[in-house]
Amino acid sequence: MANRLLRSLISIKVKVIGHAHMDVVYRWRWNEIEKREIYKTFSDILKVLTNIVVKKLMRKNVILGVVVVVLCPCHNSSSQNSGILPNVIIIYTDDQGTVDANCYGARDLYTPNIDHLAKTGVRFSQFYAAAPVCSPSRAALLTGKTPLAAGLPGNAPSQKGKPGLPSEEITIAEKLKENGYMTGHIGKWHLGYTEETMPNAQGFDYSFGHMGGCIDNYSHFYYWKGPNRHDLWENNNEVWMDGEYFQDIISDKALSFVEGNKDVPFFLYYAINLPHYPLQGTGKWREYYKDLDSPRDKYAASLSTVDERIGILLKKLEELKLRDDTIIIFQSDHGHSVEERTFGGGGSAGPYRGAKFSMFEGGIRVPAIISWPRTIPQHEARDQMAVNVDWFPTILDMCDIRYQNDDFEGKSLINVIYDNDSSQHKVFWWSSGKKNWAVRKGNWKLLKNPRDPVDKESIKPGDSLFLVNLKVDIGETKNLANIYPEKVHELIKEYNQWKSRN
Ligand SMILES: [Ca+2]
């Protein structure tokens, strides 16, 4: 048989009196991997499908009048069918500023495809990365835990032979793989550069990209001070593609991964390494932004290069008729950079203070969108506080995969997304390095030894404890620590309790 996976399709048609007709199409595949969950009988499958349909309708607050379920299985029976699973794609951009998309208020950028995700999904306006730098943000995303709890509180080394995210941590890829998914990592990794910590050892069936923090997009050499090293890998094998533009390579790899797995549930972690430096957008976008000031012009060209390739992926999903049944999560890993290698800026945090490396809002508040046209609301916004550690349990809920709440510090966003419920995060914690941390509880936020890379001089000696009320001071301009000492103590206590657990 040419394909290792057989195809099957079930169409459930649910008619609801007084409400729209709703089609839910699920795909599943024969599962040749024995450890995956098995539904042995047709009645088991029917029960699971019915539960899922009822759950989805309940989420939509639909009053059921008559539910007609018509099952049309079009394959022969097997003893090894996997569960019923939507595809999942996480698009994780690198150093994209808090408000750097049209749907987040940018007026000088052109981001129609990111905006399209917002129009076909739910956009978050108070969404955080669990860290203000690359590796711990990614560790939090993939484990559902704060970086401290996940064992990677700071950036992983970019040198071959150095570890990163501990291999005993369970990643989204490992969990989904156990439940019948084909899993792929494409783009930046930066979570370990040893065989035990590279993507294939962390649950990814397929991996293509660079293992360190950044590369030149044409030579694929590490882009930092020397000695710079070649860093391009496919499934643990070093590959050389001299002169080929990395953004086009990973775009093609993403299309191939999706097309090659179109008949099976798949998870793609698409970690695009722009608009992180080097700011190497394409000539088309450099020309488009030629009238913007530097470095905004170079940053904008990089971001629109990313946006254009997101559009290419969306078009492919539509061509394959997978778009409606694919959960797409879009997020930046943290705020924009003001480092020398990015000409001191280019990105924007809008009204928020700080940037990458800072736990002021501009370092950790990020654009974040989820789109799943078949199921979740479209063109809606949510202002509830949420964090990237929430995606893991959210995905598992959406895929109907069981888990223990204690497995994560993240909270499922299902009720926030579907029903606009209040945030489940009463409190959240960040730490960066040994001396810098922050806690948010309600509208109060306490920063210990805050950093403001945009204006380093603005941090005064008396600001080692910096208390803000985000409700009245979104720009975190005024330190209220001396006015509300009891609030300072309360938040220090929250931090210490979290720290003692980790
Ligand atoms: Ca980054």
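Buried residues make up 49% of the 502 residues in the protein chain; a residue is buried if 20 or more other C-beta atoms, placed from the backbone, lie within 10 Å of its own, exposed if 12 or fewer, and partly exposed in between. The model is predicted: local features need pLDDT of at least 70, side-chain atom pairs count only at pLDDT 80 or more, and totals for chains, interfaces and linings use all residues. Residues are numbered from 1 along each chain as its sequence is written.

Show the whole chain as a cartoon. The protein chain has twelve helices and 18 strands, taken as DSSP runs (H or I of at least four residues for helices, E of at least two for strands) and numbered from the N terminus. Of the contacts with a separation of 6 or more, 66% are between residues 24 or more positions apart; two residues are in contact if their C-beta atoms, placed from the backbone, lie within 7 Å.

Next, select residues 112–119 and 296–319, which are helices α2 and α8. Their axes are 7 Å apart and the packing angle is about 55°. Axes here are lines fitted to C-alpha atoms, for helices over the stretch in contact, with angles from 0 to 180 degrees between N-to-C directions. α2 is therefore oblique to α8: angles under 35 degrees count as roughly parallel, over 145 as roughly antiparallel, 65 to 115 as roughly perpendicular, and the rest as oblique. Show side chains for P112, N113, I114 and H116 on α2, and for D307, I310, G311 and L314 on α8, which make the contact. By class, this contact has four nonpolar, three polar and one charged residues (nonpolar: Ala, Val, Leu, Ile, Met, Phe, Trp, Tyr, Cys and Pro; charged: Asp, Glu, Lys and Arg; polar: the others, Gly among them).

On α6, pick Q247, S251, A254, L255, V258 and E259; they meet T305, R309, I312, L313, K316 and L317 of α8. The contact of α6 with α8 has six nonpolar, three polar and three charged residues.

Finally, go to N449, in the loop between β17 (444–448) and β18 (465–469). Leaving aside neighbours within four places in sequence, N449 is in contact with K435, N436 and S464. Draw a distance from N449 to D463, 14 residues apart along the chain: their C-alpha atoms are separated by 7.0 Å.
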